[in-house]
Structure formats: C-alpha cells, structure tokens
Protein chains: 2
Amino acid sequence: MKASIITIGDEILIGKIVDTNSAWMANELNSIGIQVHEIRSISDDKHQIISSINELLQVSDFIFMTGGLGPTNDDITKNVLCEMLDCDLVLNEDALSNVRELLGKRGYEINENNYYQAMVPEKAKVFVNKLGTAPGMMFRIGEKLLFSMPGVPFEMKYIIENKFIPYLKEQYNFESIFHKTILTSGLPEAMLAQKLSVWENSLPEEIKLAYLPSPGYIRLRLSVYNANNDLVNLVEQKVSELKTIIPENFKTDNDLKPDELVADILVKTGLSLATAESCTGGKIASMLTARPGSSVYFKGSVISYSNEVKINVLGVSPEDLEEFGAVSSQVVEQMAIGARKLLNTDYALSTSGIAGPDGGTPEKPVGTVWIGLA
Amino acid sequence: MKASIITIGDEILIGKIVDTNSAWMANELNSIGIQVHEIRSISDDKHQIISSINELLQVSDFIFMTGGLGPTNDDITKNVLCEMLDCDLVLNEDALSNVRELLGKRGYEINENNYYQAMVPEKAKVFVNKLGTAPGMMFRIGEKLLFSMPGVPFEMKYIIENKFIPYLKEQYNFESIFHKTILTSGLPEAMLAQKLSVWENSLPEEIKLAYLPSPGYIRLRLSVYNANNDLVNLVEQKVSELKTIIPENFKTDNDLKPDELVADILVKTGLSLATAESCTGGKIASMLTARPGSSVYFKGSVISYSNEVKINVLGVSPEDLEEFGAVSSQVVEQMAIGARKLLNTDYALSTSGIAGPDGGTPEKPVGTVWIGLA
C-alpha cells in the first residue's frame, strides 16, 4: 500500500518553518508497512489543494494531509473539501463537546470561531482530537482514503498515533517493510563505494541499497519491501559480510547515529560522561539528553562560553588562556579535565572553536575547533 | 517569478531525515523575490523524477532540484536528465580539477567513481562546487530553468548562495516580496482571531494575513507580493494598529521567535544571562548560542542532570532536594541563584521537570516543569 503526504500552508513555502511533520509521519507509516510515495508542500490555495489531491490519488492508496484547519480566515481546507466532495459543513457533536472541554480546562468560554472548529464536511468520518480543537477527519474517495488533520506537530502526532494508525491496522493487512541501517565513518563516499562495489553487485534485486552521507559519517541502508524471512536473513548475512570488508569503518548496524552510538555504549558499559562546551554552546549535551533514560550516563555539563567561566568553574589556567588562546589544545585539555573532576564522571568531552562568522585569524580561521577528551 | 523545489531521495520518504534544505532554499528564494509554489520530495525513481519535472515546469519558472548526484549506483539524477533532455554524459574539465583539488587536500588519489563525479549531461551549464565533488548544474528547458545540486546541506547552501542566486540576480529583475511577522503570546488562536476580526476585515486584498501557531505563542504574518512603497507603508500602519488592539499580547514586530526576542533585549540592554538546566539538558543554552554574537550576553550554563551536580556545583540544599524533590519551586530557585552567582551574570534561568516517558507520579505527572529566574 502506498501513501502520499500533503502539507498545506505558506509558512513552509516561504521558508519560515521546516517541515518536520512529514518525516515523522513517513516514519510512522513505514513502520506499519505503508510506503510513502511522495511528500508535497503546497500553498493554502483552493486550486492547488484540489489538483494535488487528484494527482496523488492516482498514485497512492492513502493521502495524509495536514494544515488549514484552524479557526481563522486563512484556513480553507474544510471548505475546499466540501466543494471537492460536493457536501456541506455540519456541526459535529463529539467535536463540539471536545472543544467545550478543552476551552473549559483553560478557563475560556466558547466563541463563534470555536463553534466553527466543530463544523466538519458532512462526508467526513470524525476522529476526536483530545489535544486540540480541530478534529482528525477521513474521507473515502472511491477505493482510496484521504486523511486530514491539523499541522500543529503535537496534535498531528496524537491523531496519527492514537486514531489513524489504529484505524488503518484494523482495516488492512499491510505487507512488511524491512530496513537495516549501518553507520560507517572514515571513508568518503566515492572511496567507500569503490571498496563495496563487488559486495554491492552481489545484492539481489529485492534488496535496495542507499548511501546516506552526512558530514563526518555515511550511513548505508538496505531495504526490502514485502519482506519474508529468507530475505531478512539474506540482509543480515550481507551485513555480516560488510563487517569483514570494512572492519575499521563499520561502526554499528543498529541504526544509530554517532551521538546515539555513544549513548548506547555508555549504557552498556555503565560509564558516565560530562561535557564542557564552548563553541558548541550546549548542543552536545542537548543531543545526548534528548534520549529517554540519558540520566543514567549523562551527569551534566558546563557551558563555558566566557573565559571567566573557563577559569572560575573549570579551572583553566588564565596564563594558558592568555598564551595559547581559548581555542587551543591546552585549553580544551584543561576544560575536559576540569569538567571530569567537577562533575565526577568517567569521561568528559570538551570543545572550543571559532564558530564564525567573525573572530577568525590567519592562524585560527573560522571553523577551527579543538576537541578534548579526559 | 515562481519556483518549485524537488528533493530526490528515499531517506526523506522513509522518515529517516527531516528535509531542512527546502525551507532554507525557500527562504533564500523569497528574499530575492522568487515565490515558491510547491515543494516536493520524491523517490530516486526515473519516472517519478521525469513526471515531477514536467508537472512543475507547467506551474513554475524555475525548478530547484537536490539529490541523486553522488558517486554511487543509487544516484541516478544525471542519467535521468540525459535521457529526458536527449544528450550524453561528458567529462567537464573544471569539475574534474575541482575533484582533484578536493581529494588532494584530504590526501586521497582520484578513482573511477571520482571521475564519474566530473561527468555532466552535455546540455548542462556547470557551476563548480568548491565544497564537494558534485557540481551545480543548470538546464534551459524552453523558457524555464532547471537547477540541480547535491542534497548535502552545506554543499547545497554554498551553491545556492554563491552560484545560483548571483547568476539569477544578474539575469532577471525580480519583483519584491514584503513580509512582516508579529510575535504574540497569551491568547489562543480562536480568541486572537476574534479580537482581530474587525482589523482583519479592514486589510485590503493585496495584504495577505496568516496565523502561525506554535506551542506557547502565535505569529501573525502580513505578506505583500509585488510590493510598492504605498503597500509597505500600509502594512506598517496596520501593524501599529495591532499594537493598540492587543497591547498585552503584542511582543515584537521584528520577526523574532521568543528565544530571539530574549537575545535581542539582552543585546540592547547590555545585560547577561546564564542557564542552569536539568530537564532541558542544554537546549536553552544551545538555542541562545545559535545566533552569531551571543557571547556578548550569554556567559555560560550548568547542565545539572544529576542531583550531585545540583548540590556540588550549583549549591542546591541536599535537604530541600530530599524533602521537595528535584522538580520543585525550591530547587529551581536555588539552581537559578546558584548559577547567577557561579557564572557571574545579571540573570540566570533554571529548569527542572519530568520529561518522560517514565518518572511521573500522581502529584508530579510527566510534563511537570518548574522554571526559575534569578
């Protein structure tokens, strides 16, 4: 079964927000065996909405559409759906009690715009949204299904997870999709591809290989659609072969990015980590703590953006700061040692660099970064 | 002039990566007066690439396409373009010297896959990419232009900023687009819309209004396409009116999000800030330091993920931690006071909360967060 995703709203098209919804939805749909054929961001324009729906109904079994369901005049999705499906807006009692309840909790009385939130196209099957005033809706168009929901990320996630996916699982038996993702580092893409060319040619047609390069690492993804046991076993075998072809560069086959791999190793070994961050400003701490359960291995961090904090909190020598500068091996070494001691951990990682756009010199151009590990 | 964006590659469709490229590109294109009509993510499939290009050429003057230009077998963009435009792949000397230079810097010799990186469709105008082996390319299709570039974000940004945009500015006179974005907080969307309904109805057709809701705040965007002085003045006047209609909720009209507004106020007042973060794990520090120049107002932070760090580094009372728990007003107060003193700043902001998924209790359910300010 194939799905397409439509995101309605100018804010993505003018570049004011990044569309994180589509990747999240695609991942959820993939996990239950629905393949995503296309993702589209379009304007809140009647003709564009209708033509996108019609085009994507040709190539997908399901369409998941977000946005344009708010209470304001620029939200036109419901009216467009009424026109397209030739029906009227009607008041939905379940949606209305939900609106009343949500407003009550926040201490507000219902107003005219709120009533409008409980109006839905007559042909919609309504899925009440406990986290917001706009309900999820489903429309049957021939053999195909069109799902509409708000674009606010936590509302969208709630409706997909708790309403649409359970409904779909009840109605259909999906074939399974199997992905295996390997993290490699140390070889640029062209060189990695050369080393793997014989292995790559040995893959049967059913196993699709993708190179996913990022700065500092490349992931390899093997995918099988309509997976059976034999194919899954073959993928596992091919992954084992990889380990012997690039033993130095093969880091993990557990679909982990570098920060997740570090976390994984720390959890397994029972060791702890702290960071002392200057140029990264808390980014490493924030990556490491983004995972549930990170308090087991991550004790804390000192963001030492100013030299004063480097000296007074981390114990960096003022003389060394003066002589070698904040971006130097001497300083990151002392930062790491200081953080390890202060925060009482097995390891501490430190960074100091020139992030730019200003502050570069011929000896230390923008982009220079020292990393310390104690 | 209108543009569309096509992103080629399965990694977005299976939800493994978020497409941040398109928003960045859309923002750049908007800033020079090119309106983005549609953004599409598609699979690296020949038919899908060709049909998307053909469909979008009907509705846009320019197509910007990323991805599928790597040296590996899953990268098919160049071959598809050759087939579509009926031409052959030829070696481009400028691209080849660039590949040689890039590999030389990293200490590698050129291999067969690298040579392939310098092969381009004969009908391409080539724009050398100093940051990667795949060049930017431009194709003239009737009156329209198709731009192709790698999907690696820093390479894409380099080519757009330094090659495509300067080229387009040289060739065309674009009409200007004017956006004004207002930050509001304290009113939910339906209530805000009700308060603004008379004002909204007074806007002329040329001024487009959008409500952009986020958890905790709503931005209002006024847009004018083909802007002239009169319309720009009218937008400014309408924004002034807003200030008097919602004086409590109007936060700024400088297109700033809450973290950017805090930074802006600190810069203007010359005051400094530190953070002491538990549940947010460095996220606030990392947001505040993401802006160039943040070292002026941001001195540093203590991420006190463990109680030990709260006690030993920030000076939180072990008895209070025991009695009230880490997620309590008492503890965030002491964290903020401790951070302000330790890091020697005018203000310190602290957080402690139960991020979940585990750790909630009936008295302190998942989602409970205390915020302190000293």
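Q: How is a pair of aromatic rings described, and how many such pairs does the structure hold over all chains?
A: Two quantities describe a ring pair: the distance of the centres and the angle of the planes. This model is predicted, and 20 aromatic pairs are found in it over all chains. In one of them, A:Phe127 and A:Phe164 sit 5.2 Å apart, centre to centre, with 90° between the planes, which is an edge-to-face arrangement.

Q: Which parts of chain A does the pair of A:Phe127 and A:Phe164 tie together?
A: A:Phe127 belongs to strand β6 (residues 125-127) and A:Phe164 to helix α7 (residues 153-171), so the pair ties together parts that are 37 residues apart in sequence.

Q: Are A:Phe127 and A:Phe164 buried or exposed?
A: Both A:Phe127 and A:Phe164 are buried. They also belong to a cluster linked by ring pairs, whose other members are A:Phe62, A:Phe64, A:Phe147, A:Tyr167, A:Tyr172 and A:Phe174.

Q: Which lysine lies over the face of A:Tyr116, and which over that of B:Phe127?
A: Over A:Tyr116 it is A:Lys78, at 4.3 Å from the ring centre. Over B:Phe127 it is B:Lys125, at 5.3 Å from the ring centre.

Q: Why does A:Ser52 count as buried?
A: The cut-off for buried is under 20% relative accessible area. A:Ser52 has 1% relative accessibility, so it counts as buried. A:Ser52 is placed in helix α3 (residues 46-59) of chain A. Apart from neighbours within four places in sequence, A:Ser52 has contacts with A:Ile6, A:Arg40 and A:Ile42.

Q: How is empty space found, and how many cavities of 30 Å³ or more are there?
A: A probe the size of a water molecule is rolled over the atoms, and this shows where empty space is left. Here the count is one cavity of 30 Å³ or more. The largest cavity has a volume of about 100 Å³.

Q: Which elements supply at least two residues each to the lining of the largest cavity?
A: They are α2 (21-31) and β2 (35-42) of chain A, together with α2 (21-31) and β2 (35-42) of chain B. The lining includes A:Asp19, A:Ser22, B:Asp19 and B:Ser22. By class, six of the lining residues are nonpolar, four polar and two charged.

Q: What lines the second largest pocket?
A: The second largest pocket holds about 750 Å³ of space. Its lining has 28 residues, and A:Cys279, A:Tyr305, A:Gly353, A:Ala355 and A:Gly356 lie nearest its centre. The classes are nine nonpolar, 14 polar and five charged residues.

Notes
Residues numbered from 1 in each chain as written. Chains lettered and ligands numbered in written order. Predicted model: local features only at pLDDT ≥ 70, side-chain atom pairs only at ≥ 80, totals over all residues. Heavy atoms only, no water. Helix = DSSP H or I, 4+ residues; strand = E, 2+ residues; numbered from the N terminus. Buried < 20%, exposed > 50% of the residue type's maximum accessible area, 1.4 Å probe, protein only. Contact = heavy atoms within 4.5 Å. Phe/Tyr/Trp six-rings, centres within 6.5 Å; stacked < 30°, edge-to-face > 60°. Lys NZ or Arg CZ within 6 Å of the ring centre and 35° of its normal. 1 Å grid on protein atoms, 1.4 Å probe; cavity = no way out; pocket = protein on both sides within 12 Å on 5 of 7 lines; lining within 4 Å. Points joined across faces, edges and corners; volume = space filled by probe spheres on them. Nonpolar A, V, L, I, M, F, W, Y, C, P; charged D, E, K, R; others polar.
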